[in-house]
Amino acid sequence: MIKKYRKVIQSIIFVGMFVVPLLNILEIYFIKGTFYSIDIGDIGIADPLAIFQAIISSRHINTTMFISVILPILLILLLGRVWCSWGCPYYFIVEGIDYLKKKLKIKNSKPSYDERLPHKTNFIRYGFLIIGILFMGISGIPLLNLISAPGIISSQALVLVKFHYLTFEIFFILILIILEFFYFRFWCRYFCPQGTFLSLFRWKKGLKVVKVKDDCSNCLSCIRACPMLLNPMREADNSLCHNCGDCIEVCPDNKKVDTLKFRM
Amino acid sequence: MSIKKFLQDFLNKNPFKGFYQVDRLRPPGAVEEKKFMELCIRCARCIEVCPYDSIKRADLFEKMQIGTPYIFARDRACYLCMKCPSVCPTGALDNNLVDAEKVKMGIAHIDQNRCLNYLYVKEEEGVISTGRAQICSTCYNVCPLQDKAIIMEKYILPVITEKCVGCGICVEKCPTEPKSVYITPSGMGNKDTAGFYYQRSKMSFKKSEEITDDYLKGDKLLQKKQNIQGEDKPKFKNNFKVQEKIEGW
Ligand code: SF4
Ligand code: SF4
Ligand code: SF4
Ligand code: SF4
Ligand code: SF4
């Protein structure tokens with residue numbers, strides 16, 4: 001069930017990426033923007049990392065900047081990093097690749113679960129974020145936006161719809177997609193600065209996966225299902241978890257009695 | 001060169017912060033280029049709302065500016081509809097700018113050695129002889145701030161004044177190849193690094209006070225045109241026969 005809802009929302013957002021510029025061409029300006037920053041009616045929403053970079057590089061903050069990050073941060077505090085698994089177009093593509101790999105019977109490159117892996121992953125991605133912000137500070141421009149997968153994909157969609165061409169940035173996405181065939185979710189797990197930055201706002205009291213029953217049949221299918229290589233039974237409060245709900249979806253015990261569930 | 005000077009030069013020429021090129025402008029309301037590169041998050045909202053497709057997303061040729069919005073005046077100028085400044089989420093474009101006359105994207109400069117009107121006058125005065133003489137006046141005719149930003153000196157020589165907002169419409173429409181009018185983008189570096197055309201155009205500026213105001217515009221002009229009566233028959237020196245009615249008119 002969860003997966004179905006998730007796919008529907010992901011698809012709507014993915015298609016919306018192309019529809020919004022189309023509406024703008026027709027001079028309907030209700031929704032405008034990309035996944036760097038988007039306006040719905042009068043509500044401004046922006047990628048917190050993009051705004052953070054603009055603030056750092058210009059040493060200046062104004063009300064538009066401030067207001068546009070309120071909603072996304074509230075969303076993460078309440079629902080966790082749902083943007084990644086329920087919204088990000090790159091994640092949608094990557095899941096498509098997984099599906100394709102299964103269809104083409106290409107060997108799955110997903111590593112097996114290892115207790116130390118989440119720490120290692122977090123170390124690498126926070127490290128990458130910090131180094132990125134450092135470089136951004138030196139260059140003095142919002143450099144990390146140049147490697148923002150969701151931002152680039154949506155802005156390329158805009159350029160494609162509006163001008164019928166693509167700019168060079170698309171190569172970055174193509175390279176990531178090719179690498180994705182060999183390294184399972186490497187961008188989302190190890191590097192994506194946007195996703196990592198969102199993780200910072202995960203709140204203990206927000207939505208997370210909890211094992212509500214003490215024991216279960218121990219089939220370990222949730223561990224096998226988790227795309228972030230966590231153990232959903234124990235570590236779902238890790239900042240890596242993006243509340244995709246795949247673990248809840250596969251848990252066989254859930255059918256009989258609530259075992260693994262989303263809880264606030 | 002002292003070390004301090006070297007460091008200054010090296011650091012000030014930050015490759016991330018833009019470089020100068022004529023006819024390549026930031027959208028209206030853009031803050032000074034250095035600040036712009038700090039603020040613009042490349043969200044492309046300004047590109048999206050522009051109804052004339054004037055704003056383009058910078059590609060690899062623009063180096064580290066890739067993804068930022070540019071108006072390439074030679075392809076498509078800004079038509080000053082003022083939709084874009086208000087949508088910028090970071091203030092890279094001044095959100096409060098609504099008055100098209102307050103825009104300052106740059107300033108136009110007319111190349112007097114190429115502009116057809118200037119050539120015509122030179123031809124007329126016998127300074128040069130090209131064997132062809134054309135009056136164009138396109139820039140004057142298309143300028144949205146006609147008689148403010150661009151005036152006709154001696155009724156024939158187009159001159160840019162400091163009221164020019166740099167929209168680039170004159171550049172887009174100029175029929176000569178290469179174009180006889182250029183826009184020097186404003187806010188791109190200081191005037192020492194701004195290059196040749198900035199220096200040149202500064203010299204040909206006219207103070208706006210010098211412009212006389214005895215022309216009709218807008219509604220008044222329309223009124224006057226509508227009041228022109230067909231009844232006053234033109235008086236010709238020679239005794240032409242004036243046609244009373246035109247068939248099928
Ligand atoms: S980590 Fe980055 S690329 Fe992956 S889903 Fe999140 S925002 Fe998208
Ligand atoms: S723990 Fe569950 S919800 Fe979290 S990322 Fe893994 S599968 Fe998704
Ligand atoms: S003022 Fe209007 S025409 Fe000019 S760049 Fe902005 S949106 Fe486009
Ligand atoms: S709307 Fe502002 S931040 Fe977004 S691309 Fe245009 S100038 Fe840059
Ligand atoms: S002279 Fe007029 S048309 Fe040309 S750039 Fe200036 S304001 Fe625009």
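First, the conventions. The model is predicted, so local features need pLDDT of at least 70 and side-chain atom pairs count only at pLDDT 80 or more, while totals for chains, interfaces and linings use all residues. Residues are numbered from 1 along each chain as its sequence is written, chains are lettered from A and ligands numbered from 1 in the order in which they are written, and side-chain values use heavy atoms, with hydrogens and water left out.

I start with chain B as a whole. Its secondary structure comes to eight helices and seven strands; helices (H or I, at least four residues) and strands (E, at least two) are DSSP runs, numbered from the N terminus. Chain B has 249 residues, and 44% of them count as buried. Buried means under 20% relative accessible area, exposed means over 50%, and partly exposed is in between, with a 1.4 Å probe and protein chains only. Among contacts in chain B with a separation of 6 or more, 64% are between residues 24 or more positions apart. Contact here means heavy atoms within 4.5 Å.

Next, a helix pair in chain A. Two packed helices are described by the angle between their axes and the distance between the axes. How do helix 1 and helix 5 of chain A cross? The axes of helix 1, residues 2-25, and helix 5, residues 89-104, come within 9 Å and cross at roughly 120°. Axes are lines fitted to C-alpha atoms, for helices over the stretch in contact, and angles run from 0 to 180 degrees between N-to-C directions. Helix 1 and helix 5 of chain A are therefore oblique to each other. On that scale, angles under 35 degrees count as roughly parallel, over 145 as roughly antiparallel, 65 to 115 as roughly perpendicular and the rest as oblique. The crossing of helix 1 and helix 5 of chain A is left-handed, that is, the near helix is turned anticlockwise from the far one by less than a right angle.

On the helix 1 side, the residues that meet helix 5 of chain A are A:Arg6, A:Lys7, A:Gln10, A:Ser11, A:Phe14 and A:Met17. Helix 5 contributes A:Pro89, A:Tyr91, A:Phe92, A:Ile93 and A:Glu95. By class, this contact has six nonpolar, two polar and three charged residues. Ala, Val, Leu, Ile, Met, Phe, Trp, Tyr, Cys and Pro count as nonpolar, Asp, Glu, Lys and Arg as charged, and the others, Gly among them, as polar.

Helix 2 of chain A is largely enclosed by the rest of the structure, because eight of its eleven residues are buried. Among the buried ones are A:Leu49, A:Ile51, A:Gln53 and A:Ser58. The buried residues of this helix pack against strand 3 (43-46), helix 3, helix 6 (117-139) and helix 10 (193-199) of chain A, together with helix 2 (33-39) of chain B.

A:Arg59 is not a glycine, yet its phi is positive, near 45°. At 68% relative accessibility, A:Arg59 counts as exposed.

Now the ligands. The shell around ligand 1 includes A:Trp83, A:Cys84, A:Cys88, A:Trp187, A:Cys188 and A:Cys192, where near means a heavy atom within 4 Å. Helix 4 (82-87), helix 5 and helix 9 (186-191) of chain A each supply at least two residues of that shell. It divides into eight nonpolar, one polar and no charged residues.

Around ligand 2 are, among others, A:Cys226, A:Cys241, A:His242, A:Cys244 and A:Cys247.

Ligand 5 has chain B residues around it, including B:Cys143, B:Cys164, B:Cys167 and B:Cys170. Its shell divides into nine nonpolar, two polar and no charged.

Last, A:Leu229, in the loop between helix 11 and helix 12 (246-250) of chain A. Is A:Leu229 buried or exposed? At 3% relative accessibility, it counts as buried. Leaving aside neighbours within four places in sequence, A:Leu229 is in contact with A:Lys110, A:Pro111, A:Tyr113, A:Leu117, A:Pro118 and A:Arg189.
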